[in-house]
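This report describes selected features of one protein model. The sequence and the structure are shown first, and the description follows.

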Amino acid sequence: MLLCIDTGNTNTVFSVWDGEKFAGLWRISTDHRRTADEYFVWLSTLIQLQKLDLNITDCIISSTAPRVVFNLRVLCNRYFDTRPLVVGKPDCLLPVAPRVDFGTVVGPDRLVNTVGAFDRHGPDLIVVDFGTATTFDVVDTDGAYVGGVIAPGVNLSLEALHMGAASLPHVDVTMPAKVIGTNTVACIQSGIFWGYIGLVQGVVDKIRDERGRPMQVIATGGLAPLFDQGFDLFDAIEDDLTMHGLRLIHDYNKEMGNV
């Protein structure tokens, strides 16, 4: 059984692949101070509460927060007696290497999403991930990551607006009833919602023009469904794209004798 761990800037997600399906999915806030022992107590408790019989034999980690990786490695070594693969490290092989400027370090989450999306949807893709940052990843005809776009995330923009303008409240992200708000909360909600609709449409159009070919748009991340309310922005929404990509990368390394 494979333990997949995806660490973002805000949350860390754990899931176990039992050979046929993901048997569970658990989320915890990302904190570099959390020890391997704390991770194990938390994870094992949740597994027991769901009455799952999981005998973890392999682990793979994707992390955009480097300070967290050490304790996750210790978790895998100490409690599951396995040396984890860490996406982005030289000893973790990818099916197709990214094609970017020399010296560029591509975020592991973007590499994983590229692998997962290519497997499910084929070539010529734009993967839009609504995370702490809103990222656009371009997938070539052979499945290679060939670059993309990074913009501030939705919640990050809201937080910056709230912190930078003391008189403006923090609001929930939602689709407003009208574009023109008649109160402060409605004005902010409209700016965020329609602003990001315009951001996605504009960036996708520019990428398609630059590539000179039709490209499918695949969305992932918790806020993706919010922006898919009849606007025809996405060809598909994949809520488990990262976990799927992690499993595929582990399988590839196993096939290559690297695990």
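How many of the residues of S1 are buried? Six of the six residues of S1 are buried, so that the strand is mostly covered. As for the basis of this description, the model is predicted. The burial of S1 involves both of its faces. On one side lie Leu 2, Cys 4 and Asp 6, and on the other Leu 3, Ile 5 and Thr 7, all of them buried.

S1 (residues 2–7) is joined by six bridges to S2 (residues 11–17), and these two strands run antiparallel. A hairpin of three residues leads from S1 to S2. Within this pairing, Leu 2 has Trp 17 of S2 as its bridge partner. S1 is also joined to S4 (residues 58–63), again by six bridges, but here the strands run parallel. In that pairing, Leu 3 stands opposite Cys 59 of S4.

## The five-stranded sheet

These strands belong to an open sheet of five strands, ordered S3-S2-S1-S4-S5, in which the pairing is mixed. Which strands stand at the edges of the sheet? The edge positions are taken by S3 (22–29) and S5 (85–86); each has a single partner strand, so one side of each is left without a neighbour in the sheet. Helix H1 (residues 36–49) packs on the sheet and touches S1, S2 and S3. The direction of H1 makes about 140 degrees with that of S3.

Strand pairing in general rests on backbone hydrogen bonds, and it may be parallel or antiparallel.

## Cysteines without disulfides

The structure contains zero disulfides.

Cys 4 is buried, with a relative accessibility of 0%. Cys 76 is buried as well, at 0% relative accessibility.

H1 contributes Ala 36, Asp 37, Tyr 39, Phe 40 and Leu 43 to the contact, while H2 contributes Val 68, Asn 71, Leu 72, Val 74, Leu 75, Arg 78, Tyr 79 and Phe 80. By class, the residues of this contact comprise ten nonpolar, one polar and two charged.

A second pair is formed by H4 (residues 154–164) and H5 (residues 184–211), which pack at about 145 degrees with their axes 11 Å apart. The crossing of H4 and H5 is right-handed. From H4, the residues Val 154, Ser 157, Leu 158 and Leu 161 meet Ile 188, Ile 192 and Tyr 196 of H5. Six of the residues in the contact of H4 with H5 are nonpolar, one is polar and none is charged.

## Leu 125 at strand S6

Leu 125 lies in S6 (residues 125–130). With 0% relative accessibility, Leu 125 is buried. Beyond residues up to four places away in sequence, Leu 125 touches Ala 117, Phe 118, Asp 137, Val 138, Val 139, Met 215, Gln 216 and Ile 218. One of these contacts, Val 138, is 13 residues from Leu 125 in sequence, and the C-alpha atoms of the two are 5.8 Å apart.

## Two aspartates with positive phi

Asp 124 is not a glycine, yet its phi is positive, at about 55 degrees. Asp 124 is placed in the loop between H3 (108–121) and S6. Asp 232 also has a positive phi of about 55 degrees without being a glycine. The loop that holds Asp 232 runs between S9 (216–220) and S10 (236–237).

Which of the terms buried or exposed applies to Asp 124, and which to Asp 232? Asp 124 is buried, at a relative accessible area of 16%, whereas Asp 232 is exposed, at 70%.

Definitions and conventions. Residues are numbered from 1 along each chain as its sequence is written. This is a predicted model: local features need pLDDT of at least 70, side-chain atom pairs count only at pLDDT 80 or more; totals for chains, interfaces and linings use all residues. Side-chain values use heavy atoms; hydrogens and water are left out. A disulfide is a pair of cysteine sulfur atoms within 2.5 Å. Buried means under 20% relative accessible area, exposed over 50%, partly exposed in between (1.4 Å probe, protein chains only). Helices (H or I, at least four residues) and strands (E, at least two) are DSSP runs, numbered from the N terminus. Contact means heavy atoms within 4.5 Å. Axes are lines fitted to C-alpha atoms, for helices over the stretch in contact, and angles run from 0 to 180 degrees between N-to-C directions. A crossing is left-handed if the near helix is turned anticlockwise from the far one by less than a right angle, and right-handed if clockwise. Ala, Val, Leu, Ile, Met, Phe, Trp, Tyr, Cys and Pro count as nonpolar, Asp, Glu, Lys and Arg as charged, and the others, Gly among them, as polar. Two strands pair if DSSP finds at least two bridges between them.
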